[in-house]
Amino acid sequence: MSRRLRVGLCFYGDNRVGGPDSWLRRMAPRLAQLDIDPVAIRYASSGTTSPLSADLRAAGLPVREINAPLGGLASAVDQLLALCAQEDIEVLVADHLLPALLANHWGRAVALPSVLVMRSDDPFYWRLADHFLWGAAEWRVAAVVAVSQELTRQLQTRLPAAVQLLHCPSSVPPPPGRARWCRTPFHALYLGRLEGPQKRILETARALISVSRQRPWFSATLYGDGPLRLALLELLQRETGHQVRYGGVLPVAEVMTQLVAAQALVLLSAYEGLANSVQEAMACGVPVVARRTASGLEGVLIDGESALLIDTDAELGPAIDRLAAAPPLWQRLAQRAQAIAQERFAIDSAAQQWRQLLHALAPPPPAPTWPQPGEQEITAALIRHLEAAPTIALEEAWFLLHHARRWGPQLSHLLLDPQQPDTAALPLLHYAQRQRLLSAADYQQLRQQHPPAAQQRLRCLGAAADLIRGTERQQLLARGECGWETRRQLLYRAMEAGELTEREVTQLAQRLITDPTAPPLAEADEPRYERASLLKLATAWEAATALFAQLVERPTAARWHSGCHFHLGDIARQQGEPQRAAHHLRRCLQLCPDHRSAAAALAELTR
């Protein structure tokens, strides 16, 4: 009889919806029924609570936590190594958790193995592969698990012989029943994260609205959570004459129950690994309508056999028509999808595959103890490793800026990466400038080292970060050559430098507010505060007041409450309401006694 293994299962702790969370909720209890003792390890960069942690504890599983601030990567690695030693972890499933993958360097030195899970075909995961699969040998993990056949195929072409490879989908439990064809109503679902680059949630919602308006027998529900939740709600409320609604966050235990009552799953992603929602729908016998991707869905969703595949969002309506008008086609797709799911996605089979891998990796007893090098040694090792790496992740970039105290080529590469949005790149530049790690002269030299296309991006980012000033910045603002977020920052830098008149500030702010490329309003507190401030500059006082007032009621937005009250007071003052203005300005000073602008405005009001 095999011995029981103590295995660490790592996860990022701030997400509420996503494939890794669903996998852990389902897989950890099944591994515990075998001969694995799982210990869930949550990494949080904030003080947020985790529904997943609560669910795992309710299932009787131990959950441990590590916590580190922005730039605190070495602290996170140090905490993780200490936790692994304390819990006698024999195999660490790092999944895609960066501190755990970096901690593998010290575990590997004493033959304690770690596992990377490749869940998607996107730059983030391939950057992990560059570091931890075929990078420097001392940083490589012992094994990688790929969730799709296409990811497995791509890994096989480059994977060193010493790294074990397992193809194992996330998998799903047996369904509570089987879906049935129904024409009235014909109901479709979306299940997943509410975000843009991968899932294209707003485009998906618009496509479903268009289908619904032309087909009174069609309805759809979108379930999930993410940064575009409020933008989705605003879109559904703004558009009329449709039967598309937002259903909230669906507990994992209820997902398949909702699928059994549906007639189709819609997935219009830009790219995928092997989406959990697809596996769940197929297991329930629900036909999937999906955009073709070059990654995880190939070989699983076969057009006309197990699903309907489309190339553009405009093709969604005709695909729904085909399913709704032809019960034999619907039945054929449903039966084939369910057969594939039973063959490939059964979670008990996946648990056995994981069990075999973990036992094959585990060191013979007694297992060695995880090293405790200390944060100082970890910091030095991480700096050496990252400065030698051709590319780095955003979390690693913040670590380098905080600890290496110099601007290196890896950071420049990150700035020029088209996958990195301006909202990620600009804070790095702001910090580097404030800490005097990058001067205006350094930045000009950096621009000269790159071709014209890269120079234009560097020019825009540098102007927004106050590394390029004066005429060049005003030209960029006037021509609108930069991305929306960069232009927003350009406006504030130019305004603070006194380069714009009050009228010019208002006009530029109004142009940004009405720009069709303006990003949808995110749910997080900081972008909402920034948007409210921009609305105020554009003299859209009613909309700005509404947003500031919402933020004042949010406990999570406490750091912005004083600023909100100042802006509310300033708006009231400009609207000729001195009593309301004085109320908000006093509240601002109660929260922030050294707020000079609020003090000056209040003094002027009370003269």
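**Exercises on a predicted model**

The chain has 27 helices and 13 strands. The model is predicted.

**Exercise 1.** Decide how the radius of gyration of the chain compares with the globule rule for 607 residues.

Solution. Step one: the radius of gyration is 26 Å. Step two: the globule rule gives 25 Å for 607 residues. Step three: the two values are close, so the chain is as compact as a globular protein of that length. The C-alpha trace spans about 85 × 65 × 50 Å along its principal axes, and 56% of the residues count as buried.

**Exercise 2.** Classify the ring pair of tryptophan 106 and tryptophan 139, and state which parts of the chain the pair ties together.

Solution. Step one: the ring centres lie 5.9 Å apart, and pairing requires centres within 6.5 Å. Step two: the planes stand at 85°, and over 60 degrees counts as edge-to-face. The pair is therefore edge-to-face. Step three: tryptophan 106 belongs to helix 4 (residues 98-109), while tryptophan 139 sits in the loop between helix 5 (123-132) and strand 6 (143-146), so the pair links parts 33 residues apart in sequence. Both residues are buried.

**Exercise 3.** Classify the ring pair of tryptophan 126 and tryptophan 134, and determine whether tryptophan 126 is buried or exposed.

Solution. Step one: the ring centres are 6.4 Å apart and the planes are at 20°. Step two: planes under 30 degrees apart count as stacked, so this pair is stacked. Step three: the cut-off for buried is under 20% relative accessible area. Tryptophan 126, at 17%, is therefore buried; tryptophan 134, at 15%, is buried too.

How values were computed
Residues numbered from 1 in each chain as written. Predicted model: local features only at pLDDT ≥ 70, side-chain atom pairs only at ≥ 80, totals over all residues. Heavy atoms only, no water. Helix = DSSP H or I, 4+ residues; strand = E, 2+ residues; numbered from the N terminus. Rg over C-alpha atoms; globule rule 2.2 N^0.38 Å. Buried < 20%, exposed > 50% of the residue type's maximum accessible area, 1.4 Å probe, protein only. Phe/Tyr/Trp six-rings, centres within 6.5 Å; stacked < 30°, edge-to-face > 60°.
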